[in-house]
Amino acid sequence: MTENVLYSFIICFLLCGPVVMSVRTHSLRGEIDNEYSPLGSGVSEGWTAVPWISDDFNFGQISGVSVDPSDNVYLFHRGDRTWDYDTFTNNNVYSKKENGPIKEATILIFTSEGKLLNKLGANMFFLPHGITVDNDFNIYVTDVALHQVMKLSPNSSKILLKLGEDFVPGTDLKHFCKPTSVAVLANGDFFVADGYCNSRIMKFNSEGKLILHWGRRPSGYRPDDYQLQIPHALAVIEDKGLLCTADRENGRIMCYTTKNGNYSAQYSSDYMGSRLFSVAYSPVSGGELFVVNGKSSSSLIHVQGFVLSLNGKILGSFGAGSLKTPHDIATSSNGSIVYVVEIGPNRAWKFVYNAGTTVHQITETPKLFPQESKPALLNNSSDEGEGLTGAILVTISCFVFAFGLLIVVMYYSKSRKSGNADTKRLLSNLDY
């Protein structure tokens, strides 16, 4: 009898000890995590939202933002057009062609201080999406209604190159279907994210000749390295020979080699959530990625921007409590300023990094499939008593379990002596 009791208490210690420690650890981790801005505290250490564009400007849905080599900012907006449930037919054809192109200028160029430099793109576009300015100040845009990609000459609306057929969606190599973004290499080669329908990335030379392409729609619950669910934005990491895309509905940043499209790396996090809308890159401090997420099914995920190192650490965040529906992001040449544009409310944000401020780091290994964030990890309470109460309850439960186990052990011991033990049945009862 004494031996059985001893065994039972040993089992109780082995079972309850780790559980109690786990409860305590989760409670402490929740408190520690709440010191970091990525958890939505509303205070983003190191980054401050700065007013920069006059309220006199009446933007439509701002779908894209880019920064040129002189750090001027280009905004791409939709004027009086919106994208809603009846904008496209079931086969992705634009259903409002009869309205004609947007009459007002859709590309607005500002200095970093918010001074308007130029207006472009009037009577050209039907439903703007992405915008990118290359090292020679050429402007690349995508129009999801036209299913086209265009290259405009610097500071003008002159079309230098047009890819895709007007209003004709397609899956072959001469058509796009709601293309989302463009990224340009220094040599003039460029990439197109053919995002909403085809879930692929296409590489062209400077003359618009297709070089290679990769990507496909996911076919199961766990997408592989080339299964993309709306590649929504692109960013070139030229100093590392990489191209990264915001794989929006898979909640991850996917990076491939610019030379041949081979998979290289990916970034995802419980903190960022299951939807990532855009990504930008700055070579500052060895290379940093700037990411904006979107609304998630979990109320624990806060809409905001994140700063990531290339080894997967979340270095900081910005915009928690301010951003609602961020759609695109761009950064200044030195990485000290970040611009974020939103669709409903139609706003353009400027976040400035305050040098000398301490920014917390969250050391985290990038994961392929982000798990739903658990409340224990995002506990807003700083009261240690809550963790202690949970530990006590778990401990009591463990001792009740141990007592029941003691009864089973005693019964088994007695049955074994009589030769009537049903070992298989007893073990199956413990398998739960």
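Arg200 is buried, at 6% relative accessibility. I use buried for under 20% relative accessible area, exposed for over 50%, and partly exposed for in between, with a 1.4 Å probe and protein chains only. Asp194 is buried too, and its relative accessible area is 0%.

I then checked the contact of these two. Asp194 and Arg200 form a salt bridge, and their closest N and O atoms lie 2.9 Å apart. I count a salt bridge when a side-chain nitrogen of Lys or Arg is within 4 Å of a carboxyl oxygen of Asp or Glu.

A note on the source. I am reading a predicted model, where local features need pLDDT of at least 70, side-chain atom pairs count only at pLDDT 80 or more, and totals for chains, interfaces and linings use all residues. Residues are numbered from 1 along each chain as its sequence is written, and side-chain values use heavy atoms, with hydrogens and water left out.

Next entry: Asp239. I find Asp239 in a salt bridge with Lys240, with 3.1 Å between the closest N and O atoms. Asp239 is partly exposed at 46% relative accessibility. Lys240 is partly exposed at 40%.

Next entry: Glu249. I see Glu249 paired with Arg248 in a salt bridge, the closest N and O atoms being 2.6 Å apart. Arg248 is buried at 12% relative accessible area, whereas Glu249 is partly exposed at 29% relative accessibility.

I also looked for shared partners.

Last, the count. How many salt bridges does the structure hold? I noted nine.
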